[in-house]
Amino acid sequence: MLDDNPDNNDWHRSRLQLLTWDRTPDDIASPEHQARLEALRQKAGASFAPSAYVAADADIFTTRLVLGEQSWIAGRALVRGDVELGAHCTVNSYAMISGKVRCGDGVRIASHVSLVGFNHGYDDPDVPIWRQKHESLGIVIEDDVWLGANVVVVDGVTIGRGAVIAAGAVVSKDVPAMAIVGGVPAKVLRYRGRGRRGDVETQLHALGARAAAQWPDILARNSQDGHYVSREADGVLRASNRHLCDAIEIAAGFDALPPGLDIPATIARLQAVQDPQTGLFPDPHQPPRPGEALRDNGLALYNVLSAGYALEVLGSFPLHRIGAVELPAPELRQWLKGLPWASRAWGAGATVDAIGTALYFNARYFTSGDARDTLFGWLALHQDRSSGLWGKPTREEGLLQPVNGFYRLTRGTYAQFGVAVPRPERAVDSVLLNHRNHGGFSGATYTACNLLDTIHPLWLCLNDTDHRRAEAEEIARQVIARAGERWVDGEGFAFADGQEPGLQGTEMWLSVVHLSARLLGLEAVFPFLPKGVHRTEPVGLGL
């Protein structure tokens, strides 16, 4: 507010450049300020709510600017491009907003923040960068977001409602609502209002009660003409022996069986799938390709787990010894060596999972030779000493393949037989790095598979080390907190965003929540206990 003392007036004007929150209604209504806004309307395509304020030393060079009620831009901030700021937004001194930027209400932008809503082209190495085209996907910042000092947000990013971006973070991927993120590149550290032990127990109780009450309806919803079916991404319903096994595992997790299940008939059906010669389990609904060896067929291998464990849940076991894995040492080593470790480590790990599980069934119900010793010896020699994983990262997916393969490989071997994983600290580092590199698996990558392949390795390795335990526990808390939001009453879990809830997604997500709770020492709070593919109790080597 101006008075008769020129020194006081100069002090007030100077103060408003950097401490713009001290503006008053008189400052907003002053002829000087209104003339400044009119000039920006004419030159910068601007429109202002009646209570908006722009400091005299702010640099505004927009093609379009919208500034909402009670919002302000401080002196020495730079705003250029096509920018919208809702109500109660604040742009502090030395912040820079460029390109296409859309902010909701209550967005707080600290000093030295850079919102870069455009990008230079650089893909063509034969053309100088300055001559390549720009693109502007735009930045979207939803309501009630705080961006700390020196934050950088790059083009194409959406920051969800209520998020907090820690000082110095570089945000290159979408940020979920209510997340607190930090680091370079930014990753989710935790969620606002979540993370306390009592909160996690409440979340587990609430989700567990819903799932325990609704699982019979979910099974009924996914039954058609006496067969359990999947609801897949393309919208087509497909029958598969796996979905029968998923239904059995969901019910067994709640210490029950699917309503109306004919146990002798189901045992006979699952045993009939097994190939007597190899002992593997080709799926009758999706048979192998002509000429394809059964040990090269993914379903024939996976059903060793799926059908084999379902038979155990029903009090039975495979009908035949699984001879396909009982190979002389040179032949088994050659099989392992020939798996796609460099290009598709997940698939290689899945094969090892099936081999280890087949050896478990043989040892428990039939006879088994030295193949298990050969398997563990080969794995010990071929683990990457620096990453603690098996297989190589790929250009397209980074560590995703070997991390996801680590879950499958260790599940059927080290976890199943109760053997400590070698170099657990290196494996924990790699799993956490993969989680960070994929932005905490936000958006399209937030699937049951990616979360399972993160939580299980962390739980397994933390049985033998406390290395970075706090970070692993925070991921587990985040998974539990978000699971309650993903559950659809009467339908269960979808495997991934954009898909319909179904049996596979429901069984896998319930197992992920159990593992997350187990990592936190809270498994007793959650009523679902996996008893099939995702069970956690080891059988031991002394079968």
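Which side chain meets Asp-429 in a salt bridge? The partner of Asp-429 is Arg-468, with 3.0 Å from N to O. This briefing describes a predicted model. The protein has 15 helices and 22 strands, and 53% of its 543 residues count as buried. Its C-alpha trace spans about 100 × 55 × 45 Å along the principal axes.

- Asp-429 lies in helix 12, which covers residues 424–437. Arg-468 sits in the loop between helix 13 (448–461) and helix 14 (469–486).
- The pair therefore ties together parts that are 39 residues apart in sequence.
- Both partners are partly exposed: Asp-429 has a relative accessible area of 22%, and Arg-468 has one of 28%.

**Other salt bridges**

- The count of salt bridges in the model comes to 28.
- Arg-518 forms one of them with Glu-537, and the closest N and O atoms of this pair are 2.9 Å apart.
- Glu-537 is exposed, with a relative accessible area of 52%.
- Salt bridges with shared partners join Lys-187, Arg-426, Asp-429, Arg-468 and Glu-471 into one network.
- Asp-82 forms a salt bridge with Arg-64, and here the closest N and O atoms are 2.9 Å apart.
- Asp-82 is in strand 5 (residues 78–85) and Arg-64 in strand 3 (residues 59–67), so the pair links parts that are 18 residues apart in sequence.
- Asp-82 is partly exposed at 21% relative accessible area, and Arg-64 is partly exposed at 31%.

- An open sheet of 8 strands has the order 2-4-6-8-13-16-18-19, and its pairing is mixed.
- Strand 2 (53–54) and strand 19 (187–191) stand at the edges. Each has a single partner strand, so one side of each is left without a neighbour in the sheet.
- Strand 18 (residues 179–182) and strand 19 run antiparallel and are joined by 4 bridges.
- Within this pairing, Ala-179 stands opposite Tyr-191 of strand 19.

- Most residues other than glycine have a negative phi, and most peptide bonds are trans. The next items depart from that pattern.
- The peptide bond from Val-184 to Pro-185 is cis, with omega near -10 degrees.
- Pro-185 is placed in the loop between strand 18 and strand 19.
- Met-178 has a positive phi, near 65 degrees, and is a residue other than glycine.
- The loop between strand 17 (170–171) and strand 18 holds Met-178.
- The relative accessible area of Met-178 is 22%, which makes this residue partly exposed.

**A positive phi at Gln-70**

- Gln-70 is another residue other than glycine with a positive phi, in this case near 60 degrees.
- The position of Gln-70 is in the loop between strand 3 and strand 4 (72–73).
- At 35% relative accessibility, Gln-70 counts as partly exposed.

**A negative surface patch**

- Asp-123, Asp-124, Asp-126 and Glu-135 form a negative surface patch.
- One of its members, Asp-123, is found in the loop between strand 10 (119–120) and strand 11 (134–135).
- Asp-123 has a relative accessible area of 69%, and it counts as exposed because that value is over 50%.

**A buried loop residue**

- Asn-222 lies in the loop between helix 4 (197–221) and strand 20 (223–224).
- Asn-222 counts as buried because its relative accessibility is 0%, and the cut-off for buried is under 20%.
- Asn-222 and Ala-310 are 88 residues apart in sequence, and their C-alpha atoms are 18 Å apart in space.

Key
Residues are numbered from 1 along each chain as its sequence is written. This is a predicted model: local features need pLDDT of at least 70, side-chain atom pairs count only at pLDDT 80 or more; totals for chains, interfaces and linings use all residues. Side-chain values use heavy atoms; hydrogens and water are left out. Two strands pair if DSSP finds at least two bridges between them. Helices (H or I, at least four residues) and strands (E, at least two) are DSSP runs, numbered from the N terminus. Patches are made of residues with over 30% relative accessible area and no salt bridge: like charges are joined within 9 Å, nonpolar side chains (Val, Leu, Ile, Met, Phe, Trp, Tyr) within 5 Å. Accessible areas come from the Shrake-Rupley method with a 1.4 Å probe; for residues, only the protein chains shown count as cover. A salt bridge is a side-chain nitrogen of Lys or Arg within 4 Å of a carboxyl oxygen of Asp or Glu. Lys and Arg count as positive and Asp and Glu as negative; His and the chain ends are not counted. The place of a charge is taken as NZ of Lys, CZ of Arg, CG of Asp or CD of Glu. Buried means under 20% relative accessible area, exposed over 50%, partly exposed in between (1.4 Å probe, protein chains only).
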